[in-house]
Amino acid sequence: MTENPKQTEAALIDGKAIAQQVLDEVTQEVCQLTAAGQAQPCLAVVLVGEDPASQVYVRNKLLKCQQAGIQSREHRLAVQSTESDLLGLLETLNRDPQVHGILVQLPLPKHIDEQKVIQAIAPEKDVDGFHPVNMGRLMAGAPDRLVPCTPLGCLIMLRHTLGERLSGKHVVVVGRSNIVGKPAALLALEQHCTVSVVHSRTENIEALCRQADILIVAVGRPELVRADWVKPGAVVLDVGINRVERDGKPRLVGDVAFDEVAAVASAITPVPGGVGPMTIACLLRNTLQAYRQQQG
Ligand code: NAD
């Protein structure tokens, strides 16, 4: 945690710094593996179409792989590629023993069934952790699961901020998506937290959020969570990334009204620079874990 330069009361949870620690650990381990003559871990990234945001995400992922000593392969398919083109590529990557992790950048063009694609990735190479087998293993508390990167990043940040004090805390997760809300809730439960999940149909959502010692917000609504939703002293993780216009200029804001919530919380993640950097760091961590599991 670092001092908050905005002079609000809450400490800033510095996602960039914690992500760098995760990346350093991964880099060090990859370095040891290769120094011992073992093969380099390899991540295959598949991008269908030319969505500008997806292109930026993929570029960043490939760059981070390079910095960590993880080999990467980029597979670009034209936007008009068929579902069976993509499934065929995944079959090849699943069979390739030199590829340890496979990531298909989402969203996919509308004519391709996302669930079918997710389920076509071999679970042991599913570094996004979206395959039902990995979701089931997370539910069952199995050690060999691959956990979705963003909620894993949230958990690492919470451990960093609270350490052993995580146990017994009331965590309220706002949002119930498969990629963030649900796995975040399961991970918090594993840490012996008491967990509530609230969402768009929840009644009295503000009152429930006010009970949280830890509030994890993954909704996709700019600045939905206001100061009066937050118990004084709570720890707030803001997963949201929303592009808005302020004073005629584009800006990124989270799902939490940062300035006013920072005056109430004890610690808070900024947007940008909070949960975001943790997601890529955890992707590399998952790639290394997938590699280790495949190497036995
Ligand atoms: P999603 O759209 O799949 O799910 C949103 C959830 O929020 C749903 O469960 C819905 O019930 C709930 N919700 C919607 N409106 C609500 C309301 N008014 N009150 C309470 N709950 C409400 O979204 P997602 O994929 O989980 O992503 C959520 C946000 O997190 C988005 O802003 C996304 O861009 C961001 N995100 C960031 C990262 C990162 O790396 N930082 C990664 C994934 C997602």
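Helix α7 (residues 181-190) has Gly181, Pro183, Ala184, Ala185, Leu187 and Ala188 as buried residues, where buried denotes under 20% relative accessible area, exposed over 50% and partly exposed in between (1.4 Å probe, protein chains only). The model is predicted: local features need pLDDT of at least 70, side-chain atom pairs count only at pLDDT 80 or more, and totals for chains, interfaces and linings use all residues. Residues are numbered from 1 along each chain as its sequence is written, and side-chain values use heavy atoms, with hydrogens and water left out. Helices (H or I, at least four residues) and strands (E, at least two) are DSSP runs numbered from the N terminus.

The cover over the buried residues of α7 includes α5 (132-140), α6 (149-162), β5 (170-174) and β6 (194-198), contact being heavy atoms within 4.5 Å. Just after α7, His192 adopts a positive phi of about 65°.

In helix α3 (residues 83-95), Glu83, Leu86, Leu89, Leu90 and Leu93 are the buried residues. These residues lie on the same side of α3 because they cover an arc of only 130° around the axis, taken from the directions from the helix axis to the C-beta atoms. On the other side of α3, Ser84 and Arg95 are exposed. The buried residues of α3 pack against β2 (42-48), β3 (71-77), β4 (101-104) and α4 (114-120).

The domain assignment, which is automatic or from a database, gives domain 1 (39-122) and domain 2 (148-277) for the protein chain. The C-alpha centres of domain 1 and domain 2 are 29 Å apart.
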